[in-house]
Amino acid sequence: QIRVIPPPTPVVAVHPDCISKFNELKLGKSIKYIIYKLSDDYKEIVVEESSTDAEWENFQKKIMDAKASYKGKEGKGPRYAVYDFQYELEGGEGTRNKIVFISWSPDIGTLVFPRMTYASSKEALKNSLNGIGAEVQANNEDEIEYSTILKDISKGKR
């Protein structure tokens, strides 16, 4: 009986800029979000963009419009992001901030290799970012709506 052993999962490195940019967001509060991606060779997580833009729709569009290529084919691109959510507590009890780690991997239109590599390397990035208040896994447009995420994080569900 022949047993096929799958190749080992590639180890993906986290570029030091990912951590330093996160610390800027966490400590300085001038950065509103950071979008991370896998490098073109799928061996390292890098910062794709950081911004002070507080408009959720602009952030959401960038995440949803991301692309990923593999072996000459292109599809929708999974991404990781960190977003500094600010929200009002019910009953006028004040304003809160929560740093949310978002893993975006569209169910439809994503190539298999990028999707699997993003899924297997998420923990490497997440574990290197100290101070995440909540985590969101989003696979369709409804799950990346501001109101959906806000409802979950403000009630402590994520």
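Predicted model: local features only at pLDDT ≥ 70, side-chain atom pairs only at ≥ 80, totals over all residues.
Biologist: Where is Tyr42 found?
Modeller: Tyr42 is in the loop between strand 2 (33-38) and strand 3 (44-51). Residues are numbered from 1 along each chain as its sequence is written, and side-chain values use heavy atoms, with hydrogens and water left out.

Biologist: Is Tyr42 buried or exposed?
Modeller: Tyr42 counts as buried because its relative accessibility is 8%. Buried is under 20% relative accessible area, exposed is over 50%, and partly exposed is in between, using a 1.4 Å probe and protein chains only.

Biologist: And what is phi of Tyr42 near?
Modeller: Phi of Tyr42 is near 60°, a positive value in a residue other than glycine. Most residues other than glycine have a negative phi.

Biologist: What about Lys71, where is its place, and what is its phi near?
Modeller: Lys71 sits in the loop between strand 4 (67-70) and strand 5 (73-76). Its phi is also positive, near 50°. Lys71 has a relative accessible area of 70%, so it is exposed.

Biologist: Changing topic. How many salt bridges does a search of the whole structure find?
Modeller: The search finds nine. A salt bridge here is a side-chain nitrogen of Lys or Arg within 4 Å of a carboxyl oxygen of Asp or Glu. Side chains of opposite charge can pair when their charged atoms come close.

Biologist: Which residues are linked in a network of salt bridges?
Modeller: Lys122, Glu123, Lys126 and Glu135. Within it, Glu123 pairs with Lys126, their closest N and O atoms being 3.4 Å apart. Lys126 also pairs with Glu135, and there the closest N and O atoms are 2.6 Å apart.

Biologist: Where do Glu123 and Lys126 both lie?
Modeller: Both are in helix 3 (residues 112-128), three residues apart, which is about one turn of the helix. Glu123 is partly exposed, at 37% relative accessibility, and Glu135 is partly exposed too, at 27%.

Biologist: What does Lys37 meet in a salt bridge?
Modeller: Asp40, with 3.7 Å from N to O. Lys37 is partly exposed at 21% relative accessibility, whereas Asp40 is exposed at 69%.

Biologist: How many positive and negative side chains does the protein have?
Modeller: There are 23 positive and 24 negative side chains, and the centres of the two sets lie 5 Å apart. Lys and Arg count as positive, Asp and Glu as negative, while His and the chain ends are not counted. Each charge is placed at NZ of Lys, CZ of Arg, CG of Asp or CD of Glu.

Biologist: Where does Glu143 lie, and what is it in contact with?
Modeller: Glu143 is in the loop between strand 8 (134-138) and helix 4 (146-154). Leaving aside neighbours within four places in sequence, Glu143 contacts Val136, Gln137, Ala138, Thr148 and Ile149. Contact means heavy atoms within 4.5 Å. Glu143 is partly exposed, with 25% relative accessibility.

Biologist: Which residues does Gln60 touch?
Modeller: Glu141, Ile144 and Glu145, not counting residues up to four places away in sequence. Gln60 lies in helix 2 (residues 56-64) and is buried, at a relative accessible area of 10%.

Biologist: And Asn130, where is its place?
Modeller: Asn130 is in the loop between helix 3 and strand 8. It counts as exposed, at 61% relative accessibility. With neighbours within four places in sequence left aside, Asn130 contacts Phe22 and Lys26.

Biologist: Last topic, the whole protein. How many helices and strands are there?
Modeller: Four helices and eight strands. From the N terminus on, the order is β-α-β-β-α-β-β-β-β-α-β-α.

Biologist: How much of the protein do buried residues make up?
Modeller: They make up 38% of the 158 residues. Among contacts between residues at least 6 apart in sequence, 62% join residues at least 24 apart.

Definitions and conventions. Helix = DSSP H or I, 4+ residues; strand = E, 2+ residues; numbered from the N terminus.
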